[in-house]
Amino acid sequence: MVSINYATREVSCKIVYYGPGLSGKTTNLQYVHSKVPAETKGKLISLATDADRTLYFDFLPINIGTINGFATKFQLYTVPGQVYYNATRKLVLRGVDGIVFVADSQPDKMDENIESLNNLKENLLEYGYKLEELPIVIQYNKQDLPGVLSQEKMHAALNPTNWPEYNASATEGFGIFDTLKCILKLVLDRARTGSSPSQPDKPVAQPAAVAASVPQPQAAAPVQPVWTQPQAAPTAPSWQTQPVEPARPAAAAQAPAYQPQPQAPEEAPAYYREAASAPQETSSPAYRPFPGNTVEEEEKMRINHHPIGLYNSGRIPRPGPEVLERQAPPQAQAAAAPGGSAADMPRMAPSLKVDKTHKKRPFWKRLFGIQ
Amino acid sequence: MSDDALIIYEEEIERIDSLLTKLLKGAEAKCALLVDKDGHLITRQGFTHSLDTTALAALLAGSFASTKEIARLVGETEFSVLFHQGKKDHIHMSIVGERSILAVIFDDRTTIGMVRLYAKETADDLARIFTSMNNRSRHDRPEVTADFAASAGDKLDDIFKD
């Protein structure tokens, strides 16, 4: 999400380059880094493996200067493309403002493109974003290679919803800046602080015009202004018409790391449980409390052996249930209170030590029978 | 998502900065950064001139995000404190509220215990500020970026030319 800082008068947006492995996301960033003026760019940070494959993300901050009195900064991220890096790929998408999908135009990579697009959709959904509501630009990369699929074929396979799309070659450098400019404009237009969405009557950006105004080095490409979205589209894209209500996953409500379970009262001794449930179960002919025992004997044993049995025998008055109920320990009560700071504190595990309430008679007393 | 945007005003930054300064004095640390979990730097205090704070913010947030995933794998929601020990300088990171990270960089002039103590106190105070920020009604958020895209157009063409 866009970060707006009134104190330093800065607006900061996050743009993620997504796509299958080896489709040229990092190369995109490297090209941008090599071409933009030095005062605009920050350091390109690459968290990559020894073989130069992205491990976590590449990061390139870009400061395009002051717009409407606000220093406007973009953070360009790439994700690792390999399928098995999905965990880290998902992390990079957190708080994304705009996505550039870099597709590989080679025919044998089409399955990977589609898989990656589906994966993007899934990962965004986990953050509560919808693919249709985010600004997305799709880039058909590697158009300089021989035998690649044409833009029409790529469009038919990957872009049914008519996102802005560009032919590009990250190694030769065409189409890279068009893609970037388009996504930056889309993101900036959405970077509104108020609750009102963009006006649907106002076109967000005119990438077709942008693409036409910048002469493309590849003259052989038949269709150059590649954004095919018709101006007379009956409905504006959904991100223009609807305020986006991100449904935060439940995990966002951070539960405290340690949640003490409300301590269940300890189970009563087996013989007590049996006797307590006896009245119901005696109706069943199969019930036998203990081998050879009758219900009356059980009852007598319960009275004589359990402390509460004293009350049942009628020798002393029985206290109310609130006294007999086991009180939850004060710790658990404090933790159960919502927002209590005690819940955040790390707590020791409950002690397993048995509470010795009565002392055993010494050996010599027992030996000689002295009380 | 525009409702979710992180918006910070001067008076909040002043309060946050004064808390961070107090933390630095109390714990005798070198500098403190407050970072959004998305990787945006919110504010910084102390000796940060030699640091690339933008990149640092992005990497700290990334580090926290991956640690959170590790936590989930071992059955925790997240690890609320992270500590990196170096030869001279060390970093102590802790979670503030729901969406920010407080990172304190310190060296051997102080101890991890002191930093931890003060960072905990500061994080609690900051969390309170963030809660009040969240409760602020959406009506008093002015539209600053009304025609941002239009104003940015020429500038973008200037910067990004082949």
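Student: Among contacts in chain A between residues at least 6 apart in sequence, what share joins residues at least 24 apart?

Tutor: First the idea: two residues are in contact if their C-beta atoms, placed from the backbone, lie within 7 Å. In chain A of this predicted model, 68% of the contacts between residues at least 6 apart in sequence join residues at least 24 apart. On conventions, residues are numbered from 1 along each chain as its sequence is written, while chains are lettered from A and ligands numbered from 1 in the order in which they are written. Since this is a predicted model, local features need pLDDT of at least 70 and side-chain atom pairs count only at pLDDT 80 or more, but totals for chains, interfaces and linings use all residues.

Student: What is the average pLDDT of chain A?

Tutor: pLDDT is the predictor's confidence in each residue, from 0 to 100. Chain A averages 72, and 55% of its residues score at least 70. Residues 193-284 of chain A have a pLDDT below 50, yet this stretch has 131 contacts in the model beyond near neighbours in sequence.

Student: How many helices and strands does chain A have, and what percentage of its residues count as buried?

Tutor: Helices (H or I, at least four residues) and strands (E, at least two) are DSSP runs, numbered from the N terminus. Chain A has 14 helices and 8 strands. A residue is buried if 20 or more other C-beta atoms lie within 10 Å of its own, exposed if 12 or fewer, and partly exposed in between. By that count, 35% of the 371 residues of chain A are buried.

Student: Which residues have the most contacts inside the largest nonpolar core?

Tutor: In soluble globular proteins, nonpolar side chains tend to be buried together. A nonpolar core here is a set of buried Ala, Val, Leu, Ile, Met, Phe, Trp, Tyr and Cys residues joined through C-beta atoms within 7 Å. The largest one has 105 residues, and B:Leu102 and B:Val104 have the most contacts inside it. Its largest share, 9 residues, comes from helix H5 (residues 176-190) of chain A. A:Cys182 is found in helix H5 of chain A, and it is buried because 28 other C-beta atoms lie within 10 Å. A:Cys182 and A:Val137 are 45 residues apart in sequence but 7.2 Å apart in space, C-alpha to C-alpha.

Student: Why is strand S6 of chain B largely enclosed by the rest of the structure?

Tutor: In a regular strand the side chains alternate between the two faces of the sheet. Strand S6 (residues 100-106) of chain B is largely enclosed because 7 of its 7 residues are buried. One side of S6(B) carries B:Ser100, B:Leu102, B:Val104 and B:Phe106, and the other B:Ile101, B:Ala103 and B:Ile105.

Student: Which strands pair with S6(B)?

Tutor: Two strands pair if DSSP finds at least two bridges between them. Strand S2 (residues 31-36) of chain B pairs with S6(B) in the antiparallel sense over 6 bridges, with B:Leu34 opposite B:Leu102. Strand S5 (residues 90-96) of chain B also runs antiparallel to S6(B), joined by 7 bridges, and B:Ile91 stands opposite B:Ile105. S5(B) and S6(B) form a hairpin with 3 residues between them, where B:Gly97 in the turn has a positive phi of about 60°.

Student: Where is A:Asn68 found, and is it buried or partly exposed?

Tutor: A:Asn68 is in the loop between strand S4 (54-67) and strand S5 (70-78) of chain A. This residue is partly exposed, with 15 other C-beta atoms within 10 Å. Its phi is near 50°, a positive value in a residue other than glycine.
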